[in-house]
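Here is a short briefing for a first look. Please have the model open as you read.

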Amino acid sequence: MLRLPTWYDEMYSMVMGNTPINGATAHVASALTRLSNRFNHPLPLVSERSTPYLDDRSSLRAYFSYFTAANCLKLLHPLDELLREGFFEKRRELSVLDIGCGPGTALIGLHTWLDETVDALPWLELVRYRGLDPSAEALSFALGVHSFTKHLRGRPRFEFTTDQGRLATVELRPASFDLIVMGNVLNELDASTVDRLPRFLDEILANAGRVLVIEPALRETSRAMLGFRDRMIGKGWAVTAPCFRQGTCPALESPRDWCHHDQRWERPSWLERLDHALGNAKLSLKYNYVILGRLKERDTEQDSCDFRVVSAPFHEKGRVRMFLCSEGGRRLFLLNRRDSTPANADFNRLGRYDAVHIEGAEHRKNDIRITKETVVRKLGG
Ligand SMILES: C[S@@+](CC[C@H](N)C(=O)[O-])C[C@H]1O[C@@H](n2cnc3c(N)ncnc32)[C@H](O)[C@@H]1O
């Protein structure tokens, strides 16, 4: 289960000058209501030319009190996928560009992830982290986050710099970033900036670099991100996670469909208080993500037996069913309990967005059956 790091409250207090529980005020809740309305209707309301909304102090404090806490944890699973892929292997330095960094959400996420993983990266000595955002106020919060996190023990040195500006205007050195993070910003970009993104990202991404895009799991934002994924593939990029499929996304075939992750988390009591004021219940963390790299740099061939779980598992009397997606598209898989064996037992342990290797299943007209002979192996522990 996801949870905020032990140092979160202290970091929050340093940035906000208040503890999280004292920060969960009626004033913050009303600013939060305005922000939520904006985020729930992102496409028509937000224009790239508008004044940075996080320059408004009340909005920024509300954002940091609520969205930052939830969004920072959405980095953990994608970073695990990058680790599984070998992206961090033997890197002594890592150069990160955080586009639309806001108040430092992804920086907090990266430090949270390092709490558990730093021992697996003994060679990593330096992280050069650059935050880009048009909001000067948000950047001042991100600097505050860095002032706290740079003192966390047992991790690589962090150099943190900021650029106040927009994607369309900023000048960046070619091939200079190993990892480009775009957290909940794609839906705020105007169409012409999104059109230019594939070329822009190609210019500034270093060899063997990766682009991580995270978006809210609303149907519109999710489908827009999947459309962006498809366009990137059309321009010579490859998806390294979550999809094992390089074809167009099957979720876009029906206008009602989308694809998203959903993880349980330990909702802090102060966030629960804000939830009550908001009439919301953030009981789990729902989001979309995609990791992209240049197609020519993918050194491994896609394994046609690897799948991603793209629905919740349906545990029914006598059977388990779930949708899995791979090169062949999105298909319903089923295991009848009477067919359970040690070799296919992992099927019962699968949850949404797990990666799994399956060999020897029976393809039928409407579904794919896991038989006694099928081998099922959950990937990545
Ligand atoms: C929803 S916030 C996301 C903040 C943070 N990445 C997160 O996940 O919590 C979107 C951020 O993108 C920034 N933004 C909007 N348009 C931008 C652009 N054209 N270039 C860079 N950043 C932009 C906004 O100022 C805002 O801070």
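Which residues lie nearest the centre of the second largest pocket? They are Met1, Leu2, His77, Asp80 and Gln263, out of 31 lining residues.

This is a predicted model, where local features need pLDDT of at least 70, side-chain atom pairs count only at pLDDT 80 or more, and totals for chains, interfaces and linings use all residues. Residues are numbered from 1 along each chain as its sequence is written, and side-chain values use heavy atoms, with hydrogens and water left out.

**Second largest pocket**
- This pocket holds about 830 Å³ of space. (On a 1 Å grid over the protein atoms alone, a pocket is an open set of points with protein on both sides within 12 Å along at least five of seven lines; lining residues have an atom within 4 Å of a point.)
- A volume is the space filled by probe spheres set on the points, which are joined across faces, edges and corners.
- α6 (76–85), α7, β7 (261–264) and β16 (375–379) each supply at least two lining residues. (Helices are DSSP runs of H or I, at least four residues, and strands are runs of E, at least two, numbered from the N terminus.)
- α6 gives the most, with 6 residues.
- The lining divides into 10 nonpolar, 9 polar and 12 charged residues. (Ala, Val, Leu, Ile, Met, Phe, Trp, Tyr, Cys and Pro count as nonpolar, Asp, Glu, Lys and Arg as charged, and the others, Gly among them, as polar.)

**Cavities**
- The whole structure has 4 cavities of 30 Å³ or more. (In a cavity, a 1.4 Å probe fits but cannot get out.)
- The largest cavity contains about 180 Å³ of space.
- Its lining has 17 residues, and Cys243, Cys249, Cys259, Val310 and Cys325 lie nearest the centre.
- α10 (219–234) and β8 (284–294) are the elements that give two or more residues to this lining.
- By class, the lining of the largest cavity has 12 nonpolar, 1 polar and 4 charged residues.

**Helices α7 and α8**
- The axes of α7 (residues 105–117) and α8 (residues 136–149) come within 9 Å and cross at roughly 20°. (Axes are lines fitted to C-alpha atoms, for helices over the stretch in contact, and angles run from 0 to 180 degrees between N-to-C directions.)
- That makes α7 roughly parallel to α8 (angles under 35 degrees).
- Leu107, Ile108 and His111 in α7 meet Ala142, Val145, His146 and Thr149 in α8 (heavy atoms within 4.5 Å).
- This contact of α7 with α8 has 4 nonpolar, 3 polar and no charged residues.

**Backbone details**
- Ala241 and Pro242 are joined by a cis peptide bond, with omega about 0°.
- Pro242 sits in the loop between β6 (237–241) and β7.
- Lys90 is not glycine, yet has a positive phi, near 60°.
- Lys90 lies in the loop between α6 and β1 (93–99).

Definitions and conventions
Parallel < 35°, antiparallel > 145°, perpendicular 65-115°, else oblique.
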